[in-house]
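Me: Can you walk me through a structure? I'd like the ligand surroundings, then the aromatic rings.

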Amino acid sequence: VLEKGVLGGRLHTLDMEGATYEVGGSVIHPLNLHMKHFVKELGLSVASVQDGLAGVYNGEEFVFEESSWSFINLLKLLWHYGLNSLRMSMWVEDILDKFMRIYRYQMHDYAFSSNERLLHALGGDDFTRLLNQTIDEAMQKAGFSQKFINEVVCPVMRVDYGQGVTINAFVGAVSLAGVQAGLWSVKGGNKLVCSGLIYSSKAEVIPGTVVSIEPKTRTRRGGEPVKLYEVTYNTSSGLTGDTYDMVLIAAPLGRKLANITFRNFDPPIPEFPNPYHQTVTTLVHGRLNTSFFGYSDPQAFHLGAIFTTDNPKLFIHSLSVVSPAGDAATGGKLPLQSAVWKVFSKEELTKEQLNLLFSSYDSVKVKPWLAYPQYSPPEKFPPIVLHEQLYYLNGLERAASAMEISAIAARNAALLAFHRWHGHSASVDQEDLHEKLKTEL
Ligand SMILES: Cc1cc2nc3c(=O)[nH]c(=O)nc-3n(C[C@H](O)[C@H](O)[C@H](O)COP(=O)(O)OP(=O)(O)OC[C@H]3O[C@@H](n4cnc5c(N)ncnc54)[C@H](O)[C@@H]3O)c2cc1C
Ligand SMILES: CC(C)=CCC/C(C)=C/CC/C(C)=C/CSC[C@H](N)C(=O)O
């Protein structure tokens, strides 16, 4: 495993006031079965994520504020949005049900040679349609009101993916799943899953930045030719390289991303347009300036999570009280006392902007990310098989970026590489797997 930075990549923590906080991938869905399996196998502990009371701010006022009474919330939702909220849960559930088919396919060792085939095997033409239209279009067609889409759906897209309702409807549904009940995280930091898996697999970790990959043919002692890949990488002691039978690229490709050059491939490996969206995570230990949000009396302010609608005047996507990685959440209980807030924004916050948001603060930590794809349906997927034994995992992120998606893509690539190496064509790209496995079990 060649790693240019810190093991974990976009799973990363920063310390503040003696505690550790997630600043990259933070929440995991209760039905993310690979992630669940990893923490169990590695003996890691988990904690449930409980956010504080949430409100939706439109730049002038809160258009929705959660109450601590669930019955009142239900009435509020019905009053503001009729049955939209209930229908949305069913809409997301239907997509999740189809998504869950992947676990059965992978349990039976089936693999797919393209991202399109994998997604089609899960949700058929319904998933293809979701990937070809915006969440706005899909939900309008499904009969959701524009007010609900603007005031509930859009704020969730903004907190999760820093983008509005123009993102594809599949990642939109994943994003809505990302605010469902039962979310959890790994005690000590989600990145422990990555280091744990690497060490338990006994892989050798080489600190180095891969700069190029080139196919080579060498001759064995017996005289027969063998095809290999020469991987050149930069280390602290300079440029070096190794040859491998098989290479899996597990980082987003692109000049501003992994920036790997493919040398002397015939035909050449094309460049895929793969823009990634910048999101800046800022941790602030301080007191919120509630009057910025229209509350002149701080005592009257009870929210621990502020979501925002799509208003160009707003310079933040969201703001929420966070608990140390994996601790039982205090989110929302102490929003006005000195708390650690996590702010998501497109650009790094200026001093003036921090002074608008906080009446006082004593520490600030900033982590800018090229976080996830800039979604723009219809989504075009890069190939998984770049060359005979050269595989690329992160193309599946164009459907949706999440820890579980990377785990699914990784397992698929491992199965695919194994089957192609051994010529097991019956285990690759099987049609109607859902129906076949129904009768098999
Ligand atoms: C702010 C933020 C919040 C998020 N929140 C959530 C969330 O709550 N829940 C969720 O499920 N997902 C979330 N995600 C998404 C999730 O973090 C990612 O989808 C997932 O971690 C991607 O994992 P990966 O291993 O595919 O890629 P990465 O984590 O990007 O790993 C790629 C690795 O490759 C290394 N690398 C890159 N180029 C080279 C090179 N040339 N040579 C050597 N090494 C290289 C990198 O250093 C990195 O370690 C969030 C992401 C961000 C940024
Ligand atoms: C893949 C499936 C079926 C579900 C994953 C759902 C999920 C956990 C989505 C979250 C994706 C995401 C990019 C969240 C970013 S923000 C997370 C959190 N609210 C925070 O404030 O850090």
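Me: Which residues come nearest to ligand 2?

Reply: S26, V27, D160, Y161 and K342 come nearest, out of 13 residues around ligand 2. A residue is near if one of its heavy atoms lies within 4 Å of the molecule. This is a predicted model: local features need pLDDT of at least 70, side-chain atom pairs count only at pLDDT 80 or more, and totals for chains, interfaces and linings use all residues. Residues are numbered from 1 along each chain as its sequence is written, chains are lettered from A and ligands numbered from 1 in the order in which they are written, and side-chain values use heavy atoms, with hydrogens and water left out.

Me: Which polar side-chain atoms lie by an oxygen atom of ligand 2?

Reply: One belongs to S26, at 2.7 Å from an oxygen atom of ligand 2. Another belongs to K342, at 2.8 Å from an oxygen atom of the ligand.

Me: How much of ligand 2 does the protein cover?

Reply: On its own ligand 2 has 610 Å² of accessible area, and the protein covers 88% of that (Shrake-Rupley method, 1.4 Å probe).

Me: Which elements give two or more residues to the shell?

Reply: Those are α3 (84–99), α7 (146–161) and β17 (339–345). Helices (H or I, at least four residues) and strands (E, at least two) are DSSP runs, numbered from the N terminus. The largest share, 3 residues, comes from α7.

Me: New topic. How many aromatic pairs are there?

Reply: A search of the whole structure finds 21. Rings of Phe, Tyr and Trp (its six-membered ring) pair if their centres lie within 6.5 Å; planes under 30 degrees apart count as stacked, over 60 as edge-to-face and the rest as tilted.

Me: Why is the pair of F62 and F293 tilted?

Reply: Because the planes are at 40 degrees, with the ring centres 6.3 Å apart. F62 lies in strand β6 (residues 62–65) and F293 in the loop between β14 (276–288) and β15 (305–308), so the pair ties together parts 231 residues apart in sequence.

Me: And F292 with F293, what sort of pair?

Reply: That aromatic pair is edge-to-face, 5.0 Å centre to centre with 90 degrees between the planes.

Me: Is F293 buried or exposed?

Reply: Buried, at 2% relative accessibility, whereas F292 is partly exposed at 23%. Buried means under 20% relative accessible area, exposed over 50%, and partly exposed in between (1.4 Å probe, protein chains only).

Me: Which residues do ring pairs link into a cluster?

Reply: Y57, F62, F292, F293, Y295, F301 and F315.

Key. A polar contact is a pair of N or O atoms within 3.5 Å; within protein, one must be able to donate a hydrogen and the other to accept it, and residues adjacent in sequence count only if both atoms are side-chain atoms.
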